[in-house]
Amino acid sequence: MLQDILAVAEYVDGVFRKVSFEALSQGRRMADTLGGKLVAVVLGDEVQDAAKQLAAYGADRILVAEHPDLKDYLTETYTHVTAEIIQKEAPVFVLMGATTQGKDLSAALSARLGAPLATDCISLRFENQKLTITRPMYGGKILADVVIESSPGIITLRPNAFASAPASGAGQIESYPVVLDKPRTSCLARQMEAAGRIELTEADVVVSGGRGMGGSDFSVLEMLASEMGGAVGASRSAVDEGWRPVSDQVGQTGKVVSPNVYIACGISGAIQHFAGMQTSKVIVAINKDPEAPIFSKADYGIVGNLFELVPAITEEVKKLKNS
Amino acid sequence: MDIIVLLKQVPSTESIVQIAEDGRSVKTDDVNWVINPYDEFAVEEALRIREKQGGTVTLVSVGTAKAVEAIRTALAMGADKGILVNDPAIASCDGLGIARILSTLIQPLPYDLIIAGQRAVDDENFLVGAAVAEFLNIPFMSLVIKQEINEGKIQCHRTIEGGTALIESPLPALFTTQRGLNEPRYASLPGVMKAKKKPLEIKTLADLGLEAPTPLLRVVAMKLPEKRKAAKIIDAATPHAKAAELVRILHEEAKVI
């Protein structure tokens, strides 16, 4: 129905992505504003049991599309099934997380359905029932307010930019009958880094190192991140030096993170680095150079040797946790 | 192997971006224009594939007259020819409109592979590559850090959260680039000289039989992000005292841990 919100939840390796709950919570608020229903959609292979969790975030209905060919994400299979569901349900907005999957799927859906796409959004608000969406452009140097001129409008949400909140929904589970032709593409393998690592874009705490690390030993940062339940990132210089993999890079040509706390260690603070972390709630800078540009854009700064400071912070966090 | 690269000219990532008088676009006068960094990876990868397998590399772009510079730069890197769609009507286009123009342009051309940047660093839409693939009805793979082509098939290592997925697709296909795919070469001086003589066609929407697409997404206002005040510098006698004070502030004042 034209005031309904459809939220696509992403279920990978036995868990829903955190941003999927954020999308559902945002969808719940929008459905309430518009007087519509929140319809959750889950694609995968044997995901019905897991799908029940989505009721706790306010889903009125939960559509479950199961098929062996939906086990791994492929643009063509996921686009086919999701587009069909959108056409059948005719929601006014479709929400999903701006993950590697969400950005890929939303773009393909936008073209398939001729539906406008606003990607990597950081705030949504209704003014006279009309939705205004804020999204960063130019690497976050500009925040643009955009409006969508036709429905359905597809919106992806930057992870950690929206709160998730439990809400009661009827959570009625419905099986969606999947009919798929043999896909042209196939997923031959997935290679994951060490298990149990917290994904940088979803972490509540990010501890990043730059040129000031002086080498590939990031163990002091890893210990602090682990103590705070966070992830380790890196500046472009540290990646270019080969100290950290490209997948750890935070910045305009790397990952964009929005944690509660971002701790920049030995990072001077190039404009491209800010683009990747400026939507963090609190930014802490640790640098031995009191003139480093990072101090002009951080909330809190400590001037000093990071190899003394970071272990001391780790110790203090441990004390706080035990108190 | 005939390869098409989607190319966009954008302000360099070092550029200071200012909002124009109308409040919903950016000033373009003092900007340093470059090839979108992700498109540079695409040009480089196309050249490497051509070096191995032979064939041609064709650049296609939608932009203003100034975008000729970006195309010439990529020609100087080694691409064979360029086509620019330059039409006043494109100013109001959204990403879907641009993709519609590009796919109409590409449709009659011979191609085995299309490579695009994962996104342009100005609009940050992540849309055009996927949409061109969709309009041409060819397989699409995004965020690729490594690829191999064998016997009419391409295998792409696609970045996913915490790892990579290996996707295989028949050709023709379209993939988008991720940092880590390669290190783009610089244009050599002989390359720059040669580029001046390489074919560069300029077309209008009418040449493609298209009318200006109606934008479905509209920017109504732009603002600068709220500036953070300069950091509160935490000072104390020892590193331990500084650390203790930081953790106290994060816990008690900022309430984030």
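**Exercise 1. Find how many residues of chain B are in contact with chain A, and work out what that side is made of.**

Step 1: Count. 69 residues of chain B are in contact with 77 residues of chain A; two residues are in contact if their C-beta atoms, placed from the backbone, lie within 7 Å. Before going on, note that this is a predicted model, where local features need pLDDT of at least 70, side-chain atom pairs count only at pLDDT 80 or more, and totals for chains, interfaces and linings use all residues. Residues are numbered from 1 along each chain as its sequence is written, while chains are lettered from A and ligands numbered from 1 in the order in which they are written.

Step 2: Look at the elements. Helices (H or I, at least four residues) and strands (E, at least two) are DSSP runs, numbered from the N terminus. Those giving two or more residues to this side of chain B include helix H3 (95–106), strand E12 (217–223) and helix H6 (239–253) of chain B. H6(B) gives the most, with 10 residues.

Step 3: Sort by class. You get 43 nonpolar, 12 polar and 14 charged residues. Here Ala, Val, Leu, Ile, Met, Phe, Trp, Tyr, Cys and Pro count as nonpolar, Asp, Glu, Lys and Arg as charged, and the others, Gly among them, as polar.

**Exercise 2. Work out how E12(B) pairs with strand E10 of chain A.**

Step 1: Two strands pair if DSSP finds at least two bridges between them. E10 (residues 142–148) of chain A and E12(B) have six bridges, in the antiparallel sense.

Step 2: Pick one residue. Leu143(A) has Lys223(B) as its bridge partner in E12(B).

**Exercise 3. Check the span of H3(B), then decide how enclosed the helix is.**

Step 1: The expected span of a helix is 1.5 Å times one less than its number of residues. For the 12 residues of H3(B) that gives 16 Å, and the end C-alpha atoms are 16 Å apart, so the two agree.

Step 2: A residue is buried if 20 or more other C-beta atoms lie within 10 Å of its own, exposed if 12 or fewer, and partly exposed in between. In H3(B), 11 of the 12 residues are buried, so the helix is largely enclosed by the rest of the structure.

Step 3: Find the packing partners. The buried residues of H3(B) pack against several elements, including helix H4 (100–113) and strand E7 (117–121) of chain A.

Step 4: Follow E7(A). Five of its five residues are buried. E7(A) also pairs with strand E11 (residues 153–157) of chain A in the parallel sense, over three bridges, and Leu117(A) has Ile154(A) as its bridge partner there.
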